[in-house]
Amino acid sequence: QLRRALRARLAARPDVCVDLSGVEFMDVGSVDVIFTAGRDLPGTLRPVGVPRPVRRVIELCAFASPAA
């Protein structure tokens with residue numbers, strides 16, 4: 001569902017911010033979906049408000065660190 005929503009939003013609007021401030025946990029698969037969509041789709045996808053636990057998962061997975 002997340003992958004489809006991101007693809008649809010990026011297709012309709014080239015610049016999208018994903019507000020993660022209310023997210024308490026994200027697994028590697030969810031992080032991969034966000035970063036793959038940002039890398040592979042046209043436009044810009046920026047995660048914002050990334051909480052420390054989610055940021056740690058991103059760092060452990062060696063993804064580029066998103067803006068806070």
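## Helix 3

In helix 3, the buried residues include Val54, Arg55, Val57 and Ile58. They lie on the same side of helix 3, because the arc they cover around the axis is only 155°. Arg52 and Leu60, on the other side of helix 3, are exposed. Helix 2 is among the elements that cover the buried residues of helix 3. The model described here is predicted.

Isoleucine 58 belongs to helix 3. Its relative accessible area is 2%, so isoleucine 58 counts as buried, the cut-off being under 20%. Methionine 26 is 32 residues away from isoleucine 58 in sequence, while the C-alpha to C-alpha distance between them is 9.2 Å.

## The salt bridge

How many salt bridges does the structure hold? The count is 1. It joins the side chains of arginine 56 and glutamate 59, with an N to O distance of 3.9 Å. Side chains of opposite charge can pair when their charged atoms come close.

Both residues of this pair, glutamate 59 and arginine 56, are in helix 3, and their separation of 3 residues is about one turn of the helix. An α-helix has 3.6 residues a turn, so residues three or four places apart point the same way. Glutamate 59 has a relative accessible area of 40% and is partly exposed. Arginine 56 is also partly exposed, with a value of 46%.

## Overall arrangement

The protein chain contains 3 helices and 2 strands, and their order along the sequence is α-β-α-β-α. Of its 68 residues, 32% count as buried. Among the contacts with a separation of 6 or more, 65% are between residues 24 or more positions apart.

Strand 1, helix 2 and strand 2 together form a β-α-β unit, and this unit is right-handed.

## The two strands

In which sense do strand 1 and strand 2 pair? The pairing is parallel and runs over 5 bridges. Aspartate 15 has threonine 44 of strand 2 as its bridge partner, and cysteine 17 stands opposite arginine 46 of strand 2.

Each strand has two faces that can be told apart by burial. In strand 1, Val16 and Val18 make up the covered face, whereas Asp15, Cys17 and Asp19 make up the uncovered one. In strand 2, residues 44-48, the side chains alternate.

## The nonpolar core

The largest nonpolar core consists of 17 residues, and Leu6, Ile34 and Leu45 have the most contacts inside it. Two or more residues of this core come from each of helix 1 (2-12), strand 1 (15-19), helix 2 (28-40) and helix 3 (52-60). Which element gives the most to this core? Helix 2 does, with 5 residues. In soluble globular proteins, nonpolar side chains tend to be buried together.

With residues up to four places away in sequence left out, isoleucine 34 touches Leu2, Leu6, Leu20, Met26, Leu45 and Pro47. Two of these, Leu6 and Leu45, are named with Ile34 as the residues with the most contacts inside the core.

Valine 33 is 29 residues from arginine 4 in sequence and 9.7 Å from it in space, C-alpha to C-alpha.

Glycine 38 is placed in helix 2. It is partly exposed, at a relative accessible area of 28%. Between glycine 38 and leucine 6 there are 8.8 Å in space, C-alpha to C-alpha, and the two are 32 residues apart in sequence. Leucine 6 is one of the residues with the most contacts inside the largest nonpolar core.

Technical notes
Residues numbered from 1 in each chain as written. Predicted model: local features only at pLDDT ≥ 70, side-chain atom pairs only at ≥ 80, totals over all residues. Heavy atoms only, no water. Core = buried A, V, L, I, M, F, W, Y, C linked by side-chain atoms within 4.5 Å. Buried < 20%, exposed > 50% of the residue type's maximum accessible area, 1.4 Å probe, protein only. Helix = DSSP H or I, 4+ residues; strand = E, 2+ residues; numbered from the N terminus. Contact = heavy atoms within 4.5 Å. Pairing = 2+ DSSP bridges. Right-handed = clockwise from strand over helix to strand, strands pointing away. Arc of directions from axis to C-beta. Salt bridge = Lys/Arg side-chain N within 4 Å of Asp/Glu carboxyl O.
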